[in-house]
Amino acid sequence: MAEYLSRAMAFAQDAAKLSVRLSEGLVDNALEFGLDTPGSFYDNAEYKLGQVRTELNSGTEKEKLTAMKRLLACVAKGHDVSEYFADVVKNVATGSLEVRRLVYMYLLRYAEQEQDLALLSVNTFQRDVADTDAVIRAMALRVMSSIRVPAIGTIVVLAVRRLSTDTSAHVRRTAALAVPKLLRLDSALREELEEVVSGMLGEISPLAVGAVVRAFCEVSPQRLACVHTHFRRWCAQLGDADEWGQLELVRLLTAYARTQFAQPDPEGSSSSEQSGNVRLDPDHALLLGAVEPLLNSRNRAVVAGAAAAVCHLAPAAQLSVVARPLVRVMRSSHEAAHVVLASILLVAQRRPSVFYPHVRSFFVAAADTPFVRRMKLHVLSELVAPETAPLMVREVAAYTQGSQEDVAVGAVSVLLRCAQHVQESTIDCLQSLLLLSSDVRAPVSAAAMRAVHILLVDGTVRDARPAQMTLYDMLCVVARTLDTCKGDGARAHVLSLVGEFAESRFGCQHSLDVLRSSVRAFRDEGEQTRMQILELSTRLSLRVQGEGALAEALREHTSFLSKAHAHVFTLARYDVSFEVRDRARSLRGLCPLPGYDDALVEAAPHVLAIASELLGSAESLVAARVRPEPEFTLGSLSLTVGRKMRGYEPLPDWPAQPPQNVDRGPAVVAVASGPQHIAVAGISGRARADAGYATPRSTADEDLDAFLDSAEDDATVLKAPFLPPAAVVFEQALESSSDEYSDSDSESEVSGSESEGSNSGSESSGLDSDESGDHDKIDETVEIKQVKEVNDIKDPETLDTDKDGEETSPFIGPPDFEGTSKYWQ
């Protein structure tokens, strides 16, 4: 039995060792077994580079595909595989679309290093530009424009000029995206590119219009006059364009509106602002109505761009629409929160009442990053108002007791703002600040005493204090904090306050006592405190020769004051700090020491008068060194980082006299003129009829049939100027087949008319919207190839293909409703 068990254990051990060996060698030998795994190329690519050259020159597409995967895996891991460039270039004209895509990716990586060899593939690219497949044409142009070889700039321009009028919207979009690349490659091509872009401005496809606008902004951003005839069409296409196209359109139309329309809130128009009834130009209202639905977009950049457009173009009384979308984006991620909070802070500085209902959203959370915490506290300080102060004071007071110093310092600034702007909270905030002045954290105590200093100097406490509390009592309480506060900044602020109020009752009775205790501990004080002791001694020495109650009180102690003054300046002369020595030298020149600098006093008797005037008018330590911050465009990178970045262009100023009788294209129905369906990058909604941009249409007594009839009328107005020829052919084909499907089409016609009337900028009667069904399987007898290309291809920069060569899109589209697919088949 024991022998049997020993044999079984040995067999189990051998089986375990065999299993481990098989698992270790499975990945290495996956290709030999025919078990290709996505991670096998990345893990072992550099160990099998010796086979790559042979596989690239083989006759089978499978081996070429394996070799290209290994090369790109090495590129992803940071290895230099440029030595295989000549072998890769030979496969540019391969028949496999998947291999060709990988070859193009490799060429984009190493074409700039191997310029001579890259020129060998240009002929193949030129041939592919004329290919019958739209994907091949777009991919060839994309790669050819990405090869940064100045020698082929003219050839690429010719290809862009040719494909700018292509039948496929995807190819036209790729041609537009190639324009900025060519401009960065060779600025001498600007004139030719301007001519090409001018011909592309008439783009009618929402898929390509964003890329055309991007190219126009890169080539000729100052030629806003070219936008005139396309303005209304672009407003109508704004909801149907792709997300990044929407962002480019919003930026261009915002800059255009600032030069063409009158300012909604001119200076001195407070009455119209309060009433909210502002008369806008019809085209101005059209743009605002088209931009407002973008605030509900799923793309954070689009929301920020739309909010910036509304803030820069809409009347001040109608800015409340941007509050909720910006708060929603702020909560999405920490990175987005930092960018959006910069915009929120700018809006709150201009009109804080917009964010009063959302003040709780700016309370600091435990998971917030340091920069988000600081920005939230800045926003809270701007939202201080009588209606928000009670809630804000309780919340911010709790922050001061936390363990995070930056939050406590920011909370002190919010308490200071509440004390200054809300008189009912002044005394409560002052008491909290006096308690914080004894905090063991030096930055917190310094910030608290600085806030107390400001409240006492600017008269805020004097106006809000009770009748039984005098300024003398407050200064006595502040002076007693010298016994408890240990921070250098806080003690310096206390001494500065004593010097500020030296002429008061407190100064006459206790200023010498404060100076005596400070001189005694001069060597143990911090740098800021030592400099304030020097200034206090100088102030009191200058007051001896003056008039008033303080001068009479100081003359009784002239001997002590002169000795203390000389002792302090002697210690400061040999201080270890350069700042203290320089301050002592400058003050001694203004106020010579009696018995030591008599010659200086006799030579310049007016020095004392000048010193007294300078010290009396100089700003104390409490004065913050505030530099005026430049105002940047809302949502720009310069606003986020706080300084002007390269390429930043400010918005133009409103015109003093807007242009009159400008032709801005065919008339369209106002976006906000009724209950109109808007498709915004995958989000459907209705435009707000009460947005204030136009008079809303009354729908109280309107039934469903009347609403559908009105939608059909709107569709008739919008359909003619914007439908492409392919979509017209498609509609004619549907009308011709209406007899065959008379029963089934009764409902679809109603929904189709509703879609046509709602999507104001639709290219093909709602087929391009995100809520359309699966229309890729329409009968081939209907000649709608252009419409199919627009619907199938979403993003040329990330276009993908499957193994069968069919086009796939990385975007997640609407679900494929089974009933709709069967109907169209």
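Predicted model: local features only at pLDDT ≥ 70, side-chain atom pairs only at ≥ 80, totals over all residues.
Good morning. A residue is called buried when its relative accessible area is under 20%, and exposed when that value is over 50%.

Helix α34 covers residues 578-590. Within α34, the residues Val580, Ala584 and Leu587 are buried. Viewed down the axis of α34, the buried residues fall within an arc of 75°, so they line one face of the helix. On the face of α34 turned away from the buried side, we find the exposed residues Phe578 and Arg585.

At the start of α34, a side-chain oxygen of Ser577 comes to within 3.3 Å of the backbone nitrogen of Glu579.

I now turn to aromatic pairs, of which the structure holds 8. One of them joins Tyr104 and Phe125 edge-to-face, with 5.3 Å from centre to centre and 65° between the planes. Which parts of the chain does this pair link? Tyr104 belongs to helix α7 (residues 97-110) and Phe125 to helix α9 (residues 122-129), and the two are 21 residues apart. Tyr104 counts as buried because its relative accessibility is 2%, under the 20% limit. Phe125 is buried too, with a relative accessible area of 0%.

Another edge-to-face pair consists of Phe231 and Phe261, at 6.0 Å centre to centre and 65° between the planes. Phe231 lies in helix α15 and Phe261 in the loop between α16 and α17, so the pair ties together parts that are 30 residues apart in sequence. Both of these phenylalanines, Phe231 and Phe261, are buried. Elsewhere, ring pairs link Phe85, Tyr106 and Tyr110 into a cluster.

Finally, consider Thr254, which is found in helix α16. Is Thr254 buried or exposed? At 7% relative accessibility, Thr254 counts as buried. Apart from neighbours within four places in sequence, Thr254 is in contact with Ala309, His312, Leu313 and Leu651. Thank you for your attention.

Conventions
Residues numbered from 1 in each chain as written. Heavy atoms only, no water. Phe/Tyr/Trp six-rings, centres within 6.5 Å; stacked < 30°, edge-to-face > 60°. Helix = DSSP H or I, 4+ residues; strand = E, 2+ residues; numbered from the N terminus. Buried < 20%, exposed > 50% of the residue type's maximum accessible area, 1.4 Å probe, protein only. Contact = heavy atoms within 4.5 Å. Expected span 1.5 Å × (residues − 1). Arc of directions from axis to C-beta. Polar contact = N/O pair within 3.5 Å; in protein donor to acceptor, adjacent residues only side chain to side chain.
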